[in-house]
Amino acid sequence: MHEHRQSWEDLIIKHSGCPKFKSRTCCIYNSRSRHPANDPDKLCPCGRMIRRHSLLGDCLESTEAKRGNTEFQTPDRFLDGKKHSVEVPVNVFGTLQPSGCKFLRIDARSPMENIFQLILEDCGKQKPALILSVYGGAKYFTMAERLEKEFIRGVIDAATMANAWILTTGIDNGISKLVGEGISHYSLLREYPNKVKCIGMTMWGTINENTRLRLKHTSNGNPPPLCERQIPAKVEEDRETIELNHTHCILFDSGKLYDYLSDSQRNQFVIEACKDTGDGHTCYAVTIIVEGGTGSLEILENDITGKRPIVLIQGSGRLADLLAMLVEQTSNPDRTQYCRDPDQHEIQQALGRFFPDLPDSEATEKKTKLEYNQRNKNESLEQEKQRRQDEDKLVDLALEWNYFDGFLQILQARQGELIKKKKISFRKRSTFIEYFLISGFDLLSLVENDDIPSYQKFILELYNTSYKEMNKSHKNRVTMLFGATSFSSMQEIDYKLNKFVGSFFGSICSSKNDSFLNRIKIDLNNRVCTCYGSNGHVEENYELKVIQNITKVYPTESSYTKHYILRDLFLWSIFMDMPEMAKVLLFHVRSRVCAALIASAIYKNYSKLSPTVDMRDKFQTQSLDFEIYASMFIDKCYEYNEKRACELLLRQIPLFGNVTCMQLAISSASSKLLETACFDQTLNQVWFDKLSLSNHQLKVKVSRTLAIMTVGLIAPCINTKDDALSQDGINYYVDEGNSKKGKLTTYWRRFRYFHESPMINYLWFLLVFSYMMLYHLDARDTFNIHWTEIYVIITVSSMLCEEGRKLYHEYDTRMTERWGSTGSTALTLLSNIFYILPYFLFYLGLGFRYGSYNEDLLTTARIIWALDLELWYLRSLKFVIALKFLGPKLFMLQNMLRDLFAFVYMIFIAIAAYGVVSRALIYYKEVPFTSRGIFSGIFYEPYWFIHGEVSDKDLLDERIMNGTNDGGKGVAEATATHILLGFHMLFINVLLLNLLVAVFA
């Protein structure tokens, strides 16, 4: 049945043949109407500009013109009947990607039977057993976190277990947004989620113009004139948009913009779904009210009339709490009798408590009399105005003192008005910001114009104004660490991110910054300035000019969504050293693991730049806090779904410059995240590729060892990697088709999988190289070269080419987090030398090998290749870094190298001191003054003291016992040297003991 199911678009085209399956639009004007010469943006009563109507047929204006009336008078208001609107074919429908939300714009008067049958066919004609209508809170809706989690879990469980359809308003705020996000989390976190049917019903005129344009562009067959803005750019409108996690969104059109849907459509849809069709199927309907205002009363009235159960979520606020309180007051405690009706006094009290600003409410007057003794029931408009001014002063004081409790009561009554009036004042108050974000406040409304330059200008001004409001110490700290905040373009923020996070961080405002040549110029300029120690203002300005000359402004994104402004506000709070604000924003930013790691990296760099111990400790603590957040987030994800959690670490995040969480963790040395089980599992899977073990039992490890010992001949008989990451995400392993059908995978394909592993290839290379050095490195008397030598030459050459390709790819894709990650210039230099030296020695030996037929040159080549083979063996240690029981030992060795060099230096001083003094006493004028003589005579013998080989002791004992040396004297010198030998042996052993203590510590 599912294989032959029609697509959503095909179903709508099929239903379009029905005469009652139509859309609706305004018919006062049409697409040929012209605007007045003096007012090009004049509006029709429907809310559209006169010159931007979409009707192709006759309209009221053209009809009047045909009658001879050339002076058509625009109606004063839009009539809801058929006089000012007309049916038109359905032309706005489709599927939004990548969420898969199916949308349809249809006439508000369409019979609900047609719409129900359409959705039923799209669901494979599987009728629902339950209709859950979830309605209530819209804007500024808040709910306790615990109650919110329990509510969403209950709704999702009910929908999946009972084959339920969920009905909401479909708007991206309030309770419909909460339900949509809950469905999204469920589908991501469950291994095999059931498809939850969630249907949003709202008016076409309710959503904003940008959303309407997006839906038109997504629909097929709309001519370009229909895809233009129909309202003036200067018109302020509610920024409502559809919630994309809904499976269906039905947009009813009455022909008028800025119109809101009544409950009649939902009510008729529920009646249609619960209708007895005679096939034995029964569908029940339940309505859930969460918070809610007076607009939800119509829903309750229709459900009570239809005798459908209603669930009130107590504790969610307003209407739900009001009704729940009245039910509790009027119900019998032992439930043995029916509850009585509440009296008028109880209703007024409840209204006064939960709706203090409700018009014509006696409760409002009583409440205001208790709060303000100066007021009475006949309060004049002037007194009301004065009261609001007094409240504004209280709000200002609450903001100044960061006293949220004193502000909450006024805020709940006037939140929409206060947000618009006081929006700039909230930027430094994390408690207020947290409340507004939880309430669903749209941060985009902080910006006057709905265009990208306005948003960028707002962010740039925010840096400057917030800096001016800081106290003196805060200003000095930000200036010293971050630099000047008077930005002229968003590209300067890109520069700061590259400086404080890493060069692998892509541009967040323009893809033109990511061109290969431009990044080379920027990176070279940064390196040159760093080498000259430029922390100064002149060099920094110069760098910014370079960036601005290289790139052009303005991002490639066509719209600036709430996720972008949350990201920019989060980065602003981090850069401006406001950690409390950052922690509030962190829980609302998309990709919070990545955001927490970015904050940790920036604060670590702030710590390194701090001049005082106190500041360094402060930033280290803040960095550690965000590291802990990131590790907690990834641990929770790993508990839910291991495979998806590994994808989270590996996937690129476009919101944050296409970085990955693994890049950030490695480059900033985030130890808390590096220690997580998820990171360890991801590293194993990526590193060992198809040989990564999903089963860690002993017999599996033994089998894998036998496969290696048999050069892969029995490897196909052992299961290779049996699970793959999603094809939609990161996939470093065997493709899913082969994973799911392992029994059909041929022997040779598995044999190839085994030998494609980098570790197996490298082990085979070492074995062949060793065999060649032991048995087949003869003199080149003829041109008969053994196959092992040819194999080694080809392998090393291909590895060198691959190293070059990898370096280019890493730079081109900004996978440069490990470049210079040792944290020490000396260690980085030594690492690079160790990295290049094997190739250099190999080709140097190859030159001596084929330079001539001279036997001495062959000996030289053999020695060089022997040293080279030693280095290739040492390089194999990198394959065990990912092993849990060996990797930490290598990191420990790296961390103790500095202490080791210090001990080696002290031991060298002791050896040199003893060697020179002892040879001066017992070998006077006998040490040849050559490099070889000095090395062998002074340093070689004392060096073996470290290993317990004391050759001087027997010589000194013999000379003291015989009473003479070769020259007939020197007993005193030998005795003095013997004492010196005893002292140095003690000193060197103490140093070695301390070295061991330091290593184990």
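Where does Glu 291 lie? In this predicted model, Glu 291 is found in the loop between strand S9 (284-290) and helix H8 (297-305).

## Backbone features in loops

Glu 291 has a phi near 55°, which is a positive value in a residue other than glycine, and this residue is buried, with a relative accessible area of 7%. Asn 658 is likewise not a glycine and has a positive phi, of about 60°; Asn 658 belongs to the loop between helix H24 (642-650) and helix H25 (661-667), and with a relative accessible area of 36% it is partly exposed.

A further backbone feature is the cis peptide bond that leads from Gln 97 to Pro 98, with omega near 5°. Pro 98 is located in the loop between strand S3 (93-96) and strand S4 (101-107).

## Aromatic pairs and a cluster

The structure holds 27 aromatic pairs. One of them is formed by Phe 482 and Phe 575, whose rings are tilted, with 40° between the planes and 4.9 Å from centre to centre. Phe 482 lies in the loop between helix H16 (472-481) and helix H17 (491-500), whereas Phe 575 lies in helix H20 (residues 562-575), so the pair ties together parts that are 93 residues apart in sequence. Both Phe 482 and Phe 575 are buried.

These two residues also belong to one aromatic cluster, which is formed by Tyr 463, Phe 482, Phe 500, Phe 575, Phe 587, Tyr 603, Tyr 606, Phe 619, Phe 626, Tyr 629 and Phe 633.

## Charges over rings

The charged end of Arg 266 sits over the ring of Tyr 135, at 5.7 Å from the centre of that ring. In another such arrangement, the charged end of Lys 475 sits over the ring of Tyr 467, 5.7 Å from the ring centre.

## Transmembrane annotation

The UniProt record, an unreviewed entry, places the feature "transmembrane region" at residues 759-777, 822-843, 863-887, 899-922 and 979-1000. In the model, residues 759-777 are 89% helix and 0% strand, and the end C-alpha atoms of this span lie 26 Å apart.

## Confidence of the model

The protein averages a pLDDT of 76, and 69% of the residues score at least 70. Over residues 361-379 the pLDDT stays under 50, and for this stretch the model has 24 contacts beyond four places in sequence. Residues 720-744 also have a pLDDT below 50, and this stretch has 48 contacts in the model beyond near neighbours in sequence.

Conventions. Residues are numbered from 1 along each chain as its sequence is written. This is a predicted model: local features need pLDDT of at least 70, side-chain atom pairs count only at pLDDT 80 or more; totals for chains, interfaces and linings use all residues. Side-chain values use heavy atoms; hydrogens and water are left out. Rings of Phe, Tyr and Trp (its six-membered ring) pair if their centres lie within 6.5 Å; planes under 30 degrees apart count as stacked, over 60 as edge-to-face and the rest as tilted. Helices (H or I, at least four residues) and strands (E, at least two) are DSSP runs, numbered from the N terminus. Buried means under 20% relative accessible area, exposed over 50%, partly exposed in between (1.4 Å probe, protein chains only). A charge sits over a ring if NZ of Lys or CZ of Arg is within 6 Å of the ring centre and within 35 degrees of the ring normal. pLDDT is the predictor's confidence in each residue, from 0 to 100. Contact means heavy atoms within 4.5 Å. UniProt positions are given in the numbering used here, feature names are shortened, and annotations may be inferred rather than shown by experiment.
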